[in-house]
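This report concerns a complex, to be read alongside its sequence and coordinates.

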Amino acid sequence: MELLYNIFIDPFVQMGAMPDFLLQVLWEGFVSGILYALLALGFVLIFKASGVFNFAQGIMVVFSALSLVSLYAAGVPAYIALALAILIMAALAVTIERVVLRHLVNQDDIILFMATIGLSYFLIGFGELIFGGEPKAMITEELGLPTGSTTFDIFDGILILQHIDIAAAVIAAILVAVLAIFFSKTRIGRGLRAVADDHQAALSVGISLNQIWAIVWFASGIVALATGIMWGAKSDVSFALQIVALKALPVLILGGFTSVPGAIVGGLIIGFGEKLFEVYWGGLLGGGVEGWFAYVIALIFLLFRPQGLFGEKIIERV
Amino acid sequence: MSKETKSADNILEVNNIEVIYNHVILVLKGVSLTVPRGGIVSILGANGAGKTTTLKAISNLLNAERGEVTKGTIKFNDDEIQSLTPNELVRRGCIQVMEGRHCFGHLTIEENLLTGAYTRKDGRAAIARDMEKVYEYFPRLKTRRKSLAGYTSGGEQQMCAVGRALMASPSMILLDEPSMGLAPQLVEEIFEIVKNLNIQEGVSFLLAEQNTNIALKYATYGYILENGRVVMDGVAKDLRENEDVKEFYLGVGGEGRKSFRDVKHYKRRKRWLA
């Protein structure tokens, strides 16, 4: 009886008793949700265009952020370092396409997946070689990102919003909007969706798969850089981040591997769910539920809706 | 016909090509054919005869299926094209409409047409003009321009696929099995448009068809493929009246003989081209 009370009643009583705290928890959930969404977005872009689950996405986040920080440390002004970091991601995309993807055309998905695992360990080793293994601080202020916080008085309590979190939300929104316009309005964007739909047909109308692949890897490299900056600003930039990146997996299962809106909604659901569950229900299970909650949700989804919330609409003519 | 005039007249020359899939499966065993500039040429034959493979060998889509041209030459506008990417080939004016339409299901009809213009560099105005032209040839596409291609009918998808190829402003279209799965009336409609495109836009066509009847009605010349070999070729009118063709492919007259294999005298034709 007490257990049922603790599960079904007590958390909501607590929420009602301290609405300001609930808001704070929701806000935290929202912020980590956005970061998950950005992470997942990087995976979705590549999966959509080439059917490859890019295991190396997490390390790309670390790699891009480390290039930025290290360039700055080497004396390059912050904004130029940012531009150079973008260029490095472009070079990386072209190199990956040339050296890896091009030679694996027509191979099974699993082989491409293995290639991305190889790639990710290569990048870890290579990254440690040039950047060193120790964690570095993100150059948040130098990039002109706000660092303060604002405190609101509500419900007889307070709500603290970190400015960097607000900036993260805004930047994520802009990034998604730009990508959406790019996909729907431009020639390359159309080509990209065409490739996602039907490889063969895209080839037959003269769309170069190599070019498209390089472009999507670059696009997800930019997304990785944005994620790396935001995540780095909250903690540090270190290789440990790439493990966190695997959180994108449940997000993708929730949202669907091929859907950009799915990645965003999935990310937010996981973000909110995780925080709420940790704070209000976590105590029952001895805490630490944040680590596995997302995966349990993903498992439930796999059982009941394997294509995810927004998975590719299965077009069927009747 | 002398060599010089020959190449000037032909937009496409396929000379004795051999195609192997997966390094082991020999699919084409020496196919030769030519398409005169401004002509409609048809490749006929049953399932598995090698029609699609021939077209894909020309458009270079074979590589994507682990197929490979191991012998022979293919010339488009007098240039050898085996080493070109499909992308480069489309740019030069040779585009394939694949069997089974292959429209981009999650793109609208209009977006599908625009993907056809992917390789073009001559500006939006020219592309918009061609789009209007495609809509003139296929008024039905215009009414459905905002629908997702995946939700349109088979006939509309076939029109979309042909229209999409036209958007590349090609000089030659390789058309694979346009009649597949369509009602006879629609098939007729599509072939009429092919004829109009041929006459008005000067587009040359190489089409692979199982529907021998309609193919020979619209084509000027035909090649009959069996087991990866050309077993017979001739002017469409002659083929239509040929007793064997009638029997094997048009379903009229004769009994007992089932294929060209049973007819000795065609067997060794065209060997001299090797």
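## Model and confidence

The complex is a predicted model. The predictor assigns it an ipTM of 0.83 and a pTM of 0.81.

In chain B the mean pLDDT is 86, and 88% of the residues reach 70 or more. Two stretches of this chain fall under 50. One is residues 1–6 of chain B, where pLDDT stays under 50 and the model has 1 contact beyond four places in sequence. The other is residues 270–274 of chain B, also under 50 in pLDDT, for which the model has 7 contacts beyond four places in sequence.

## Contact between chains A and B

Chain A brings 18 residues to the contact and chain B brings 28 residues. On the side of chain A that touches chain B, helix 7 (187–197) and helix 8 (199–204) of chain A are the elements that give two or more residues. Helix 7 of chain A gives the most, with 6 residues.

By class, this side of chain A has 6 nonpolar, 6 polar and 6 charged residues. As a general point, the size of an interface is often given as the accessible area lost when the parts come together.

## Helix 2 of chain A

Helix 2 of chain A covers residues 19–50, which makes 32 residues. From its first C-alpha to its last, helix 2 of chain A reaches 46 Å, close to the 46 Å expected at 1.5 Å a residue. Of its 32 residues, 23 are buried, so helix 2 of chain A is largely enclosed by the rest of the structure. After helix 2 of chain A comes A:G51, which has a positive phi near 65°.

## A:A115 in helix 5 of chain A

A:A115 lies in helix 5 of chain A, which spans residues 109–131. This residue counts as buried because it has 20 C-beta neighbours inside 10 Å, and 20 or more is the criterion for a buried residue.

Leaving aside residues up to four places away in sequence, A:A115 touches A:V100 and A:L104. A:L104 is 11 residues from A:A115 in sequence, and the C-alpha to C-alpha distance between them is 8.8 Å.

## The sheet of chain B

Chain B has an open sheet of 4 strands in the order 2-1-4-5, with antiparallel pairing. Strand 2 (25–36) and strand 5 (79–80) of chain B stand at the edges with a single partner strand each, so one side of each has no neighbour in the sheet. In general, strands of a sheet pair through backbone hydrogen bonds, either parallel or antiparallel.

Strand 1 of chain B, residues 10–21, pairs with strand 2 of chain B in the antiparallel sense over 9 bridges. Across this pairing, B:N10 stands opposite B:P36, and B:V14 stands opposite B:L33. The hairpin of strand 1 and strand 2 of chain B has 3 residues between the strands, and B:N22 takes a positive phi near 55° there. Strand 1 of chain B also pairs with strand 4 (residues 67–76) of chain B, in the antiparallel sense and over 8 bridges. In that pairing B:V19 stands opposite B:V69 of strand 4 of chain B.

Methods
Residues numbered from 1 in each chain as written. Chains lettered and ligands numbered in written order. Predicted model: local features only at pLDDT ≥ 70, side-chain atom pairs only at ≥ 80, totals over all residues. Buried ≥ 20, exposed ≤ 12 C-beta atoms within 10 Å, placed from the backbone. pLDDT = per-residue confidence, 0-100. Nonpolar A, V, L, I, M, F, W, Y, C, P; charged D, E, K, R; others polar. Pairing = 2+ DSSP bridges. Expected span 1.5 Å × (residues − 1).
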